[in-house]
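Here's a friendly walk through a protein chain for someone meeting it for the first time. Have the sequence and the 3D view to hand as you read.

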Amino acid sequence: MRLALEEARSALHIGEVPVGAVVVLGGEVLGRGFNQPIRGLDPSAHAEVLALRQAARALGNYRLLGACVYVTIEPCLMCVGALIHARVSEVVYGAPEPKAGALRSTLQFEDLAANHRFAITSGVLEEECRQVMVDFFKYRRGEA
């Protein structure tokens with residue numbers, strides 16, 4: 001999760017919403033990503049999607065069987081879909097996302113009619129992950 005936080009801070013430094021993700025398989029980091037939809041003019045350029053793309057290229061396969069994805073904030077519905085299609089084994093996230101989180105906050109992953117399931121672990125470095133977001137939005141609103 002510390003590597004995902006590094007990625008989130010990379011987004012922060014370029015004015016993007018600070019979410020970071022890392023894909024790990026067999027103890028090896030295969031993919032890293034941070035939010036870049038504004039910079040990339042790409043609405044799908046979320047941290048998880050970019051990390052999955054990089055990992056798939058590194059592995060030579062879009063199916064990332066056995067992989068664990070660490071992400072600082074609960075993934076949105078688009079990213080949950082990508083995680084399902086990538087066939088990851090586990091998603092570990094830091095802080096919940098009450099407005100758009102699609103694993104536990106706005107949707108219950110267990111209730112989705114999905115053709116693949118993965119384990120979910122939440123609350124890893126939760127306060128640190130949350131604080132990066134809080135600080136970003138305070139700065140954006142001019143409260144910092």
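## Before you start

This is a predicted model, where local features need pLDDT of at least 70 and side-chain atom pairs count only at pLDDT 80 or more, while totals for chains, interfaces and linings use all residues. Residues are numbered from 1 along each chain as its sequence is written, and side-chain values use heavy atoms, with hydrogens and water left out.

## The whole chain

The chain has five helices and five strands. Here helices (H or I, at least four residues) and strands (E, at least two) are DSSP runs, numbered from the N terminus.

The C-alpha trace spans about 45 × 30 × 30 Å along its principal axes. Of the 144 residues, 42% count as buried, meaning under 20% relative accessible area, with exposed over 50% and partly exposed in between (1.4 Å probe, protein chains only). Contact means heavy atoms within 4.5 Å. Among contacts between residues at least 6 apart in sequence, 55% join residues at least 24 apart.

## The sheet

The five strands make an open sheet in the order β2-β1-β3-β4-β5, with mixed pairing. Two strands pair if DSSP finds at least two bridges between them. At the edges sit β2 and β5 (119-122), each pairing on one side only. Neighbouring strands are turned by 15 degrees against each other on average, direction ignored.

Strand β1 (residues 20-25) is mostly covered, with five of its six residues buried. β1 pairs with β2 (residues 28-34) in the antiparallel sense over six bridges, and L25 stands opposite E28 there. The two strands form a hairpin with two residues between them, and G26 in the turn has a positive phi of about 60 degrees. β1 also runs antiparallel to β3 (residues 68-73), joined by four bridges, with V24 opposite C68. On the other hand, β3 and β4 (residues 90-95) run parallel, joined by five bridges, and Y70 faces V92 across that pair.

## Helices on the sheet

Helix α3 (residues 47-59) packs on the sheet, touching β1, β2 and β3, and its direction makes about 145 degrees with that of β2. Helix α5 packs on the sheet too, touching β3 and β4, at about 65 degrees to the direction of β4. Axes are lines fitted to C-alpha atoms, for helices over the stretch in contact, and angles run from 0 to 180 degrees between N-to-C directions.

Next, look at a helix pair. The axes of α1 (residues 2-13) and α5 (residues 126-140) come within 11 Å and cross at roughly 5 degrees. They are therefore roughly parallel to each other, a label for angles under 35 degrees. R2, L5, R9 and L12 in α1 meet E128, C129, V132 and F136 in α5. The residues of this contact divide into five nonpolar, no polar and three charged.

## A closer look at T72

T72 lies in strand β3. Is T72 buried or exposed? At 1% relative accessibility, T72 counts as buried. Leaving out residues up to four places away in sequence, T72 touches M1, A4, L5, A8, P18, V19, G20, G94, A95 and C129.

Technical notes
Angles under 35 degrees count as roughly parallel, over 145 as roughly antiparallel, 65 to 115 as roughly perpendicular and the rest as oblique. Ala, Val, Leu, Ile, Met, Phe, Trp, Tyr, Cys and Pro count as nonpolar, Asp, Glu, Lys and Arg as charged, and the others, Gly among them, as polar.
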